[in-house]
Amino acid sequence: MAVFVIDTATGQVATRRQLVEAGVVAPDDPGVPRPWLAIQGPGDASTMWYAVMRKRERGVFIGALVLRHQGRHALLRDRGWEEVPIEEIGVPAEA
């Protein structure tokens with residue numbers, strides 16, 4: 001269960017915990033540094049139930065959490081959003 005964040009410049013998705021483990025953010029800092037942005041959704045989301053979606057809009061990436069196999073999930077896919085594969089969620093080595 002996690003809080004998901006997206007790098008608005010690259011579209012990379014990670015969990016806040018992964019940012020802490022990579023040293024990008026301090027454990028006691030409630031925010032995340034730019035270009036990372038928290039994806040709105042429940043703070044205890046699990047990829048078992050939620051799909052992490054992203055889309056490039058006006059030159060930046062935006063993200064969303066949606067329940068899998070629900071109407072909103074299909075709607076976003078139809079509107080050009082892509083589901084982020086679970087194995088791609090993480091902090092790149094160069095971060």
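**Working out strands and salt bridges**

R54 counts as buried, with a relative accessibility of 12% (buried is under 20% relative accessible area, exposed over 50%, partly exposed in between, using a 1.4 Å probe and protein chains only). Keep in mind that this is a predicted model: local features need pLDDT of at least 70, side-chain atom pairs count only at pLDDT 80 or more, and totals for chains, interfaces and linings use all residues. Residues are numbered from 1 along each chain as its sequence is written, and side-chain values use heavy atoms, leaving out hydrogens and water.

**Exercise 1.** Find which residue forms a salt bridge with R54, and work out which strands the pair ties together.

*Step 1.* Look for a carboxyl oxygen of Asp or Glu within 4 Å of a side-chain nitrogen of Lys or Arg, the rule for a salt bridge. For R54 you land on E82, with the closest N and O atoms 3.0 Å apart.

*Step 2.* (Strands are DSSP runs of E, at least two residues; helices are runs of H or I, at least four; both are numbered from the N terminus.)

*Step 3.* Widen the view. Salt bridges with shared partners put R54, E82 and E88 into one network.

**Exercise 2.** Work out in what order the strands of the open sheet run, and which ones stand at the edges.

*Step 1.* Trace the pairing (at least two DSSP bridges between two strands). Three strands make an open sheet, ordered β5-β4-β6, with antiparallel pairing.

*Step 2.* Count partners. β5 (60-67) and β6 (82-83) each have a single partner strand, so one side of each has no neighbour in the sheet.

*Step 3.* Zoom in on β4 (residues 50-57): eight antiparallel bridges join β4 to β5, and Y50 has L67 of β5 as its bridge partner.

**Exercise 3.** Where do R68 and E83 sit, and is each buried or partly exposed?

*Step 1.* Get the distance: R68 and E83 form a salt bridge, with the closest N and O atoms 2.4 Å apart.

*Step 2.* Locate the ends. R68 is in the loop between β5 and α2, while E83 is in strand β6, 15 residues away, so this pair links distant parts of the chain.

*Step 3.* Read off accessibility: R68 is buried at 19%, whereas E83 is partly exposed at 28%.
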